[in-house]
Amino acid sequence: MSETAILPREADPELQRARVLVVDRTSMGQLICRMLSDHYVLDTATDALSAVRMLNRESPDVVIADIDIPGSGTRLAELMAMSPKHRSIPVILTSSRPIPRGAIRARLAGAKALLVKPFRPQQLRARVAALLRRTNGGDGTLSRAEVGEQVREGVAQIEDLPTFPTTYT
């Protein structure tokens, strides 16, 4: 995946204003772009250095970075948190493996969230929307529809769990 800008398919000017930088070198980065392409203008990078270069050219509204990118997604979040120009841009870190105390490490690096792959498109879109509301002067609370979607998603995850045979002693 190279540095590119992907425009939303919808022509809604409100949605086109929000810009998301996706930093991931795997096919999951492409999947994240597909999850968000209808809602936001997307820029992509494959490593932390490319992401920094893009940040210096144009500031996105949200950055989504994989922890395991070359140069480290965690280090990218730390650098952004230290930069007066970029510290207000929320960062979502993603990881393909559950990390003990990963959410704490992500927060200490300056990230607002850690999502463990695989995650559902609704989870990602709800997180991005909440961060955008929070940084655009909103309180970051979810709408009734977003809460309903998260509840439906949680129920679906429970229903997807395998059933275990009942044993009686």
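The coordinates form a predicted model, in which local features need pLDDT of at least 70, side-chain atom pairs count only at pLDDT 80 or more, and totals for chains, interfaces and linings use all residues. Residues are numbered from 1 along each chain as its sequence is written, and side-chain values use heavy atoms, with hydrogens and water left out.

Figure 1. The protein contains 7 helices and 6 strands, where helices (H or I, at least four residues) and strands (E, at least two) are DSSP runs numbered from the N terminus. Along the sequence these elements follow the pattern β-α-β-α-β-α-β-α-β-α-β-α-α. Of the 169 residues in the protein, 41% are buried; buried means under 20% relative accessible area, exposed over 50%, and partly exposed in between (1.4 Å probe, protein chains only). The accessible areas come from the Shrake-Rupley method with a 1.4 Å probe, and for residues only the protein chains shown count as cover.

**Figure 2. Strand β6 around Leu-115.** Leu-115 counts as buried, at 7% relative accessibility. Leu-115 and Gly-102 are 13 residues apart in sequence, and their C-alpha atoms are 9.6 Å apart in space.

Figure 3. Pro-118 lies in the loop between β6 (113-116) and α6. The peptide bond that joins Lys-117 and Pro-118 is cis, with omega about 0 degrees. The side chain of Lys-117 also meets that of Asp-24 in a salt bridge (3.0 Å, N to O). Asp-24 belongs to the loop between β2 and α2 (27-36) and Lys-117 to the loop between β6 and α6, so the pair ties together parts that are 93 residues apart in sequence. Both Asp-24 and Lys-117 are buried. A salt bridge is defined as a side-chain nitrogen of Lys or Arg within 4 Å of a carboxyl oxygen of Asp or Glu, and by this rule the count comes to 5 salt bridges.

**Figure 4. Salt bridge between Glu-58 and Arg-19.** The closest N and O atoms of Glu-58 and Arg-19 are 3.5 Å apart in this salt bridge. The pair links distant parts of the chain, 39 residues apart: Glu-58 is in the loop between α3 (48-57) and β4, and Arg-19 is in strand β2 (residues 19-23). Glu-58 counts as partly exposed at 42% relative accessibility, whereas Arg-19 counts as buried at 17%.

Figure 5. Ser-72 lies in the loop between β4 (62-66) and α4. Its phi is near 75 degrees, a positive value in a residue other than glycine. Ser-72 is partly exposed, with a relative accessible area of 25%. Glu-78 is partly exposed, with a relative accessible area of 29%, and Arg-75 counts as partly exposed at 39% relative accessibility. Ala-81 also lies in helix α4 (residues 73-82) and is partly exposed, with a relative accessible area of 35%. The C-alpha atoms of Ala-81 and Ala-111 are 8.3 Å apart in space, although 30 residues separate the two in sequence.

Figure 6. Helix α6 spans residues 121-135 and contains Arg-127. At 1.5 Å a residue, its 15 residues should span 21 Å, and the end C-alpha atoms are 21 Å apart, which agrees; the expected span is 1.5 Å times one less than the number of residues. Leu-124, Ala-126, Val-128, Ala-129, Ala-130, Leu-131 and Leu-132 are buried in α6, whereas Arg-127 is partly exposed, with a relative accessible area of 36%. Arg-107, Lys-112, Arg-127 and Arg-134 gather in a patch of positive charge on the surface. Patches are made of residues with over 30% relative accessible area and no salt bridge, with like charges joined within 9 Å and nonpolar side chains (Val, Leu, Ile, Met, Phe, Trp, Tyr) within 5 Å. Lys and Arg count as positive and Asp and Glu as negative, while His and the chain ends are not counted. The place of a charge is taken as NZ of Lys, CZ of Arg, CG of Asp or CD of Glu.
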